[in-house]
Amino acid sequence: MGTGMELRHLIAFTAVAEELHFGRAAKRLQMAQPPLSQQIRQLEKELGVQLFERNTRSVRLTGAGESFLDPVRAVLEDLDTAVRAAKAAGRGEYGRVTIGFAGASSHETLPLLTRAVRAAHPAVELVMKGQTYANVALSRVADGSLDLGFVRLPVTQPGVAHRVIDEEELVCALPSDHRLARLESVPLGILADEPFVSFPAGAGSTVRDAMVEACESAGFNPRVVQEAPDSYTILALVAAGVGVTLTVTSCQHIQQNGLVYRPLAGPPIRRQAALAWRTDNPSPALHAVLAVAEAALPTPPG
């Protein structure tokens, strides 16, 4: 575009070309006719060609004007698309949000969120990072490498906000032929001599942390004989008779032959699941996802 050519000149040209009448074009553009005529003359001078043939009765496009019209319409349409994209991005309707989660425990909550986001903001891209245990998700949210994490309380990192979306309880998973499987509820202390299957130590699993803490409160340290990277594998090993484990109620959808779940005896050991994000994350897409999550994953009463 030449140095003297401006967007207003292109808009003026398009209006006159479509109306073929300076008065109607001026009215459409909500401006007086003399400045409109002046803009067309400036544009013709800049291009060095005549765009319209004018007489007292009619206005029509010259060959140069005909050739100029479609490319100018394309420019204005591209500009309109760009403006709408920028405004939509400002409202969070475009953009990318990275989400960290651990598969089995997010089995119900994650699809509720992703379906709701896709319905409300189809141009927001959700980048899913699976096998991101709660503690790892929290640290990655804190360092900015994740926008949003499925975590468990407590959330103590500075600059990280959270909202509780679910409350779970620890339960015992046993081989179905285990001697304790006949009990309606399992006292923790009775598991002291049992082999355990669990997540790797130091992997960032809050379920493993909760299991160890619960066993220690019952007076013993769980003897972990095999570790596995996810709840599906851990519970398959339990079904195979390798050992027992403590898991959370959100994993009880995993059903297979040889596996049973029993509540723990005594007061429930509760764990709260939450969404976490950095308070200084400026992403409009993230804030759009958080707004959708308020309805899709409401905070439980109490």
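Student: How do I read the largest cavity here, and what is its volume?

Tutor: Keep in mind that this is a predicted model. The general idea is that a cavity is a space where a 1.4 Å probe fits but cannot get out. In this model the largest cavity has a volume of about 50 Å³, and the count of cavities of 30 Å³ or more comes to 1.

Student: Which residues line the largest cavity?

Tutor: The lining consists of Ser198, Phe199, Val207, Ser231, Ile234, Leu235, Thr245, Leu246 and Thr247. Helix H8 (231–239) and strand E9 (245–248) each supply at least two residues of that lining.

Student: And the largest pocket: what is its volume, and which residues lie nearest its centre?

Tutor: A pocket is an open set of points, whereas a probe in a cavity cannot get out. The largest pocket has a volume of about 360 Å³. There are 25 residues in its lining, and Ser105, Ser106, Arg152, Glu168 and Ser250 lie nearest the centre. Look for helix H5 (109–120), E5, E6 and helix H7 (206–217), each of which supplies at least two lining residues.

Student: E5 and E6 came up there. How do they pair with E11, and over how many bridges?

Tutor: With strand pairing, you check the sense and then the bridges. Strand E5 (residues 148–152) pairs with strand E11 (residues 270–278) in the antiparallel sense, over 4 bridges. To find that pairing on screen, pick phenylalanine 150, which stands opposite leucine 275 in E11. Strand E6 (residues 160–175) also pairs with E11 in the antiparallel sense, over 9 bridges. There, glutamate 169 has arginine 270 of E11 as its bridge partner.

Student: What is the peptide bond like from leucine 153 to proline 154?

Tutor: For this one you read omega. The bond from leucine 153 to proline 154 is cis, with omega near 10°. Proline 154 sits in the loop between E5 and E6.

Student: Which residues other than glycine have a positive phi?

Tutor: Leucine 20 is not a glycine, yet its phi is positive at about 50°. You'll find leucine 20 in the loop between H1 and helix H2 (22–28). Glutamine 30 has a phi near 55°, and belongs to the loop between H2 and helix H3 (33–47).

Student: Now salt bridges. How many does the structure hold?

Tutor: Side chains of opposite charge can pair when their charged atoms come close. This structure holds 16 salt bridges. One of them joins arginine 28 to glutamate 18, with the closest N and O atoms 2.5 Å apart. Arginine 28 lies in helix H2 and glutamate 18 in helix H1, so the pair ties together parts 10 residues apart in sequence. Arginine 28 is partly exposed at 40%, and glutamate 18 is partly exposed at 37%.

Student: Which residues are linked with those two in a network?

Tutor: The network of salt bridges links Glu18, Glu19, Arg24, Arg28, Asp70 and Arg73.

Student: How far apart in sequence are the parts tied together by arginine 163 and glutamate 294?

Tutor: Their side chains meet in a salt bridge at 3.7 Å, N to O. Arginine 163 is in strand E6 and glutamate 294 in helix H9, so this pair ties together parts 131 residues apart in sequence. Arginine 163 counts as buried, because its relative accessibility is 13%.

Student: What about aspartate 280 and arginine 278?

Tutor: They form a salt bridge too, with the closest N and O atoms 2.8 Å apart. Aspartate 280 is partly exposed at 48%, and arginine 278 is partly exposed at 22%.

Student: Last one: which residues make the nonpolar surface patch?

Tutor: For a patch, you look for nonpolar side chains within 5 Å of each other, on residues with over 30% relative accessible area. Here Leu7, Ile11, Leu79 and Val83 make a patch of about 280 Å². Helix H1 (7–19) and helix H4 (63–90) each give two or more residues to it. Leucine 7, in helix H1, is partly exposed at 36%.

Key. Residues are numbered from 1 along each chain as its sequence is written. This is a predicted model: local features need pLDDT of at least 70, side-chain atom pairs count only at pLDDT 80 or more; totals for chains, interfaces and linings use all residues. Side-chain values use heavy atoms; hydrogens and water are left out. Two strands pair if DSSP finds at least two bridges between them. Patches are made of residues with over 30% relative accessible area and no salt bridge: like charges are joined within 9 Å, nonpolar side chains (Val, Leu, Ile, Met, Phe, Trp, Tyr) within 5 Å. Accessible areas come from the Shrake-Rupley method with a 1.4 Å probe; for residues, only the protein chains shown count as cover. A salt bridge is a side-chain nitrogen of Lys or Arg within 4 Å of a carboxyl oxygen of Asp or Glu. Buried means under 20% relative accessible area, exposed over 50%, partly exposed in between (1.4 Å probe, protein chains only). On a 1 Å grid over the protein atoms alone, a cavity is a set of points where a 1.4 Å probe fits but cannot get out, and a pocket is an open set with protein on both sides within 12 Å along at least five of seven lines; lining residues have an atom within 4 Å of a point. Grid points are joined across faces, edges and corners, and a volume is the space filled by probe spheres set on the points.
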